[in-house]
Amino acid sequence: MMVPPLSERPVTEEDEEQFRRESMPCKYTLRQRWADYRAEARANRPRGVKARVLAWLHVEPFYWGMRAAYVILFVGAVFAVYINGVAEGWWHAWGEKPTVAATTTPAARPTPSASSSTEAAMSGGYQIGPDGVLVRPAEHAASTYTTPELPEEAKENTERGAEAAAEYYHALMGYSWNTGDTSALLDISDPDSTFATSYADDVAELYSNGWAYGTESEISHIVRVEPIPENGNDVRPNTIAVTFQLSSKTGVMCQGQKIMKRDREYQSLLTLYMTWQDDHWIETQGSLITDASK
């Protein structure tokens with residue numbers, strides 16, 4: 001039996017389909033290529049850490065130059081970020097110590113006193129002293145306040161003399177609060193006066209860890225000036241009660257590193273028992289009632 005040539009053989013549908021399958025290009029996706037590349041890399045990877053290090057070092061000079069360029073670019077980028085962060089205040093420069101955290105910022109920046117160090121830490125515009133308390137501004141130092149003088153009328157044994165002595169006492173209260181000096185106030189007070197000693201203790205406590213300035217108080221009305229009969233107990237002979245209505249402002253107070261400023265005016269009643277003793281007036285009793293709503 002003779003087999004006819006290929007060109008003369010009949011072509012069936014099965015032959016045609018097989019030919020098409022064999023002649024179509026093979027689909028080779030990127031995923032398959034990457035998988036084959038990884039498999040080949042794993043198969044050719046050196047065994048052991050030492051062998052891998054030697055293989056990494058054994059490259060052509062061109063690749064060494066590329067690696068060096070990458071390292072230089074990375075270091076330059078890190079340095080640029082560091083410099084920009086220091087300039088923008090995101091972090092402190094290397095070796096720089098941050099200053100103490102700021103407290104409440106006052107409306108105006110006071111000038112520190114001349115005795116404080118120019119290198120002292122700052123807080124809210126104030127320098128922090130060696131004792132940890134904010135330094136009192138020089139323009140509001142205690143030395144800027146003048147000690148009140150006793151009026152001539154306060155030296156008379158009259159109702160007007162008792163009234164003038166009470167006005168002088170009120171002025172000393174404001175002076176003591178703004179300066180911390182209570183000596184003059186205690187000189188015109190009876191040693192047994194709880195009002196005077198309590199007020200002096202309050203001033204001492206304030207200045208043990210702070211200071212105050214700008215406290216203002218004015219006598220807006222004289223409520224009463226009248227003699228008080230002796231009772232053989234807490235009211236001595238020759239005692240006159242004087243009551244003032246006051247309009248006051250607290251001003252600025254410092255406690256440690258905290259600043260408190262109050263400009264609101266408030267009302268209060270100050271009553272003083274002035275007693276004529278040893279040819280001068282002294283305070284023997286007192287009270288201060290402040291409007292609680294202020």
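Modeller: Start with helices. A helix is a DSSP run of H or I with at least four residues, numbered from the N terminus. Here Ser 189 is found in the loop between helix H6 (183-187) and helix H7 (194-208). The model is predicted: local features need pLDDT of at least 70, side-chain atom pairs count only at pLDDT 80 or more, and totals for chains, interfaces and linings use all residues. Residues are numbered from 1 along each chain as its sequence is written, and side-chain values use heavy atoms, with hydrogens and water left out.

Biologist: Is Ser 189 buried or exposed?

Modeller: Buried means under 20% relative accessible area, exposed over 50%, partly exposed in between (1.4 Å probe, protein chains only). Ser 189 has 7%, so it is buried.

Biologist: Which side chain makes a polar contact with the side chain of Ser 189?

Modeller: A polar contact is a pair of N or O atoms within 3.5 Å; within protein, one must be able to donate a hydrogen and the other to accept it, and residues adjacent in sequence count only if both atoms are side-chain atoms. The partner is Tyr 169, at 2.9 Å. A polar atom of the Ser 189 side chain also lies 2.7 Å from the backbone oxygen of Leu 185.

Biologist: How do H5 and H7 pack?

Modeller: Axes are lines fitted to C-alpha atoms, for helices over the stretch in contact (heavy atoms within 4.5 Å). Angles run from 0 to 180 degrees between N-to-C directions. H5 and H7 pack at about 20°, with axes 9 Å apart. That makes them roughly parallel (under 35 degrees; over 145 is roughly antiparallel, 65 to 115 roughly perpendicular, the rest oblique).

Biologist: How many residues of H5 are buried?

Modeller: 16 of the 21, so H5 is largely enclosed by the rest of the structure.

Methods: Helices (H or I, at least four residues) and strands (E, at least two) are DSSP runs, numbered from the N terminus.
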